[in-house]
Amino acid sequence: MVLHFPLNESAGQAAPDGGVAAPVQATGCSGQDRDRGPCQPSSWSRAVAVEEIDSILGPGYRAAASEFVGQRPIELARDGLGSGGGGAMVCVDQGEYGVSSPMEAADGGHRLRWLGSDDATTCLLLALRSTASGATAAAHLDIPERVPSLAQVETRLLRGAADSALDVYLAAGLAGDKESLATCAAVLSFLACRPVPYRLQLAAVCDLNVGKEDGLDPVPIRGMAVDLGTGQLHPAHFADDARGPLHDLRSLRLSVVSSIDLTCVYDSEVHAASISVPPFDWRGIFHIPGLQRLCRLPDPEFLAATSTSPDLEQARFCEDMRRKFRLVWESDPCAFFGVRVNEPASADLLMAKPVVAAASEQNALLRPVGAPSGDAATAANSAREVNPPQPPTSNNAATVVAATASMVASPPT
């Protein structure tokens, strides 16, 4: 089953091409007639405590979540060979969101087709869709403190359709995890307190994101994506090359920038068909020799030092983190954000060559005129390794590695 975003339709109707509209039984409001449609957050209209989540997400939501969690995730890849087919795609990372316009699937399919996120363990993934215009957004919420900045997402979605309702779809999160539950409670509280009418259509989160008893994965839903051409929501896995462009740079920004606001990396009415990364500067923040030693640790030790949920990460986690950290000593922020490090970096979604593989590849595509390339860039990088910034005062290498690890440990995913 796939859940279909209703567009000026009553919930429960059959969707085109065999999809299923968000079912009316997917409601958790006590005593609500199932035929009346989706649950309105205004029915609980107050701050939600973690202990109240189970009573709000009642049997209807549980049934819908179970059916959604039971589906095989579609595979999305840039080469179009995955089960999700081809088309341009945006995978928002931790602490990010993206917004698509109603015309996103126009121009013969040459614009964005897929919008979603992946690699969640304790994070929550959220999709919103305007019932009036069809504008769609996806966000990756890694901490509850980011939830108030969903107001930014709301504002972008309601451009030109201020009287629209917004349908809400939640997925991912780890059963029994305090951070996941706190984020879920924060989202439910946000939905209840906004003047905009929200309709919670799906909540396959936390204790409702569990597999079959014989399942091997304790977090069955780690990613989801909206097919903007059909309006259908799918459990999804984005291949390595489908998470870019600028995936490593965006990931590094999460470790450097202390803001708790969600970052907009894609807005089809602002960025056209491109990812945009706000400028940031990592020079002088990291102790490079310690970071290099951290990256040389065996995977089990590296996981323990860099993840808040080391037993639950996907197989690509360690290489993702090491590649991100290599940007620190292999790249200069000026190569991405201009000499003054004050200009956003951007990359076209439709570039023939994805900008996700290596720092040297990113520099080659985004290096400003006059910047070193090839052997010159390699020599410059080697010089930075030979003459790194002065380390903190310590005679204990293990202490340096531990201090570095505590600074760069990834926020919950």
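**Loops, strands and helix packing**

Author: V341 lies in the loop between α9 (334–337) and β15 (345–348); helices (H or I, at least four residues) and strands (E, at least two) are DSSP runs numbered from the N terminus. This is a predicted model, in which local features need pLDDT of at least 70 and side-chain atom pairs count only at pLDDT 80 or more, while totals for chains, interfaces and linings use all residues. Residues are numbered from 1 along each chain as its sequence is written, and side-chain values use heavy atoms, with hydrogens and water left out.

Reader: What is the phi of V341? And is V341 buried or exposed?

Author: Phi of V341 is near 50 degrees, which is a positive value in a residue other than glycine. With a relative accessible area of 12%, V341 counts as buried. Buried means under 20% relative accessible area, exposed over 50%, and partly exposed in between, using a 1.4 Å probe and protein chains only.

Reader: What is the phi of D119, and where does D119 sit?

Author: D119 is in the loop between β6 (112–117) and β7. Its phi is near 65 degrees, again a positive value in a residue other than glycine.

Reader: Is the peptide bond from G244 to P245 cis or trans?

Author: The bond from G244 to P245 is cis, and omega is near 5 degrees. P245 belongs to the loop between β12 and α5 (247–256).

Reader: Let us turn to β12. How many of its residues are buried?

Author: Six of the seven residues of β12 (residues 232–238) are buried, so the strand is mostly covered.

Reader: Which strands does β12 pair with?

Author: β3 (residues 74–76) pairs with β12 in the parallel sense over three bridges, and I74 stands opposite A236 of β12. Two strands pair if DSSP finds at least two bridges between them. β11 (residues 224–227) and β12 run antiparallel and are joined by four bridges. D227 has Q232 of β12 as its bridge partner.

Reader: How many residues lie between β11 and β12 in the hairpin?

Author: Four residues separate β11 and β12 in the hairpin, and in the turn G231 has a positive phi of about 75 degrees.

Reader: And the open sheet: in which order do its six strands come?

Author: The order is β10-β9-β7-β8-β5-β13, with mixed pairing. The edge strands, each pairing on one side only, are β10 (198–205) and β13 (263–267). Direction ignored, neighbouring strands of this sheet are turned by 15 degrees against each other on average. Within the sheet, β7 (residues 124–130) and β9 (residues 166–172) run antiparallel and are joined by six bridges; A127 stands opposite Y169 of β9.

Reader: Now the helices. At what angle do α7 and α8 cross?

Author: The axes of α7 (residues 299–306) and α8 (residues 317–330) cross at roughly 70 degrees and come within 10 Å. That makes α7 roughly perpendicular to α8. Axes are lines fitted to C-alpha atoms, for helices over the stretch in contact, and angles run from 0 to 180 degrees between N-to-C directions. Angles under 35 degrees count as roughly parallel, over 145 as roughly antiparallel, 65 to 115 as roughly perpendicular and the rest as oblique.

Reader: Which residues make the contact?

Author: D299, F302, L303 and T306 of α7 meet F317, C318, M321, R322 and F325 of α8; contact means heavy atoms within 4.5 Å. These contact residues divide into six nonpolar, one polar and two charged. Here Ala, Val, Leu, Ile, Met, Phe, Trp, Tyr, Cys and Pro count as nonpolar, Asp, Glu, Lys and Arg as charged, and the others, Gly among them, as polar.

Reader: D299 interests me. What does D299 touch?

Author: Not counting residues up to four places away in sequence, D299 touches C318 and R322. D299 and C318 are 19 residues apart in sequence and 6.6 Å apart in space, C-alpha to C-alpha. D299 counts as partly exposed, at 39% relative accessibility.

Reader: How far apart are the axes of α5 and α8?

Author: Their axes are 9 Å apart, and α5 and α8 pack at an angle of about 80 degrees. The two helices are therefore roughly perpendicular to each other. The contact brings H247, D248, L249, S251, L252 and S255 in α5 to D320, R323, K324, L327 and V328 in α8. Its residues divide into four nonpolar, three polar and four charged.

Reader: Lastly, how many helices and strands are there in the protein?

Author: There are 12 helices and 15 strands. Of the 413 residues, 55% count as buried.
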